[in-house]
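Here is a short briefing on one protein chain. Keep the sequence and the model side by side as you read.

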Amino acid sequence: MPAKFYENGVRSGLKEKKQLSDFIDGLVSTYVKKIESCELTYVFCKDAYLLEMNNNFLDHDTYTDIITFDLSDNRKEMQGEIYISVERVRENAKLYNTTYNDELHRVIFHGVLHLCGFKDKSAKDQKVMRENEDYCLEHYKKELQK
């Protein structure tokens, strides 16, 4: 099932949604073997909305660029909701000297990588996560050029 993309009071500027959804499906198939179904919902929102979610669901009183909820009932299906703060993505793009579009896609891939089992709490896990984000971003850009 294709990934769904919603905008909650913001404009994400996300283009090529069909291609992105297809790429995400391929990613899931590559990283998770024997998956029978995949249903991902991305919600683009403002900082305040994500801060409230971070407080209410994770008991964190900090701004963040992404929160990923794994709603899967078993290992044969993947179901998740991924919330992304467009404001944080813009700030991080400036901070990391990259484009908004690249940072947006990096965060999109970050969320699905979490659902595929990747962690980012330790320095070692963060390195592996970043390598996989870079891999996804590079290959997605190549897909768009075809």
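Is Phe109 buried or exposed? Phe109 counts as buried, because its relative accessibility is 0% and the cut-off for buried is under 20%. Bear in mind that this is a predicted model. The points below start with the overall fold, then turn to rings, charges and backbone.

**Overall fold**

- The protein chain has 5 helices and 4 strands.
- Read from the N terminus, the order of elements is β-α-β-α-β-β-α-α-α.
- The radius of gyration is 15 Å, close to the 15 Å that the globule rule gives for 146 residues, so the protein chain is as compact as a globular protein of that length.
- The C-alpha trace spans about 35 × 35 × 35 Å along its principal axes.
- Of the 146 residues, 42% count as buried.
- Among contacts with a separation of 6 or more, 63% come from residues 24 or more positions apart.
- The accessible surface is about 8,800 Å². Carbon and sulfur atoms contribute 48% of that surface.

**Aromatic rings**

- The structure holds 9 aromatic pairs.
- One of them joins Phe23 and Phe109.
- Tyr49, Phe57, Phe69 and Tyr83 form one aromatic cluster.

**Charges over rings**

- Arg88 places its charged end over the ring of Tyr63, 5.4 Å from the ring centre.
- Arg90 places its charged end over the ring of Tyr100, 4.4 Å from the ring centre.

**Salt bridges**

- The structure holds 10 salt bridges.
- Lys18 forms a salt bridge with Asp22. The closest N and O atoms are 2.9 Å apart.
- Lys18 and Asp22 both lie in helix H1. They are 4 residues apart, about one turn of the helix.
- Lys18 is exposed, with a relative accessible area of 59%. Asp22 is partly exposed, at 38%.
- Arg106 forms a salt bridge with Glu103, with the closest N and O atoms 3.9 Å apart.
- Arg106 and Glu103 both sit in helix H4. They are 3 residues apart, about one turn of the helix.
- Both Arg106 and Glu103 are buried.
- Lys142 and Glu138 meet through their side chains in a salt bridge of 3.4 Å, N to O.
- Why are Lys142 and Glu138 separated by about one helical turn? They are 4 residues apart in helix H5 (residues 123-145), so about one helical turn lies between them.
- Lys142 counts as partly exposed at 44% relative accessibility. Glu138 is also partly exposed, with a relative accessible area of 42%.
- Salt bridges that share partners join Glu103, Arg106, Arg130, Glu133 and Asp134 into one network.

- Most residues other than glycine have a negative phi.
- Glu16 is placed in the loop between strand S1 (4-7) and H1. Glu16 is partly exposed, with a relative accessible area of 39%.
- Asp59 is found in the loop between helix H2 (47-58) and strand S3 (66-70). Asp59 counts as exposed, because its relative accessibility is 68% and the cut-off for exposed is over 50%.

Conventions: Residues numbered from 1 in each chain as written. Predicted model: local features only at pLDDT ≥ 70, side-chain atom pairs only at ≥ 80, totals over all residues. Heavy atoms only, no water. Phe/Tyr/Trp six-rings, centres within 6.5 Å; stacked < 30°, edge-to-face > 60°. Buried < 20%, exposed > 50% of the residue type's maximum accessible area, 1.4 Å probe, protein only. Lys NZ or Arg CZ within 6 Å of the ring centre and 35° of its normal. Salt bridge = Lys/Arg side-chain N within 4 Å of Asp/Glu carboxyl O. Helix = DSSP H or I, 4+ residues; strand = E, 2+ residues; numbered from the N terminus. Rg over C-alpha atoms; globule rule 2.2 N^0.38 Å. Contact = heavy atoms within 4.5 Å. Areas by Shrake-Rupley, 256 points an atom, 1.4 Å probe, with all protein chains shown as cover.
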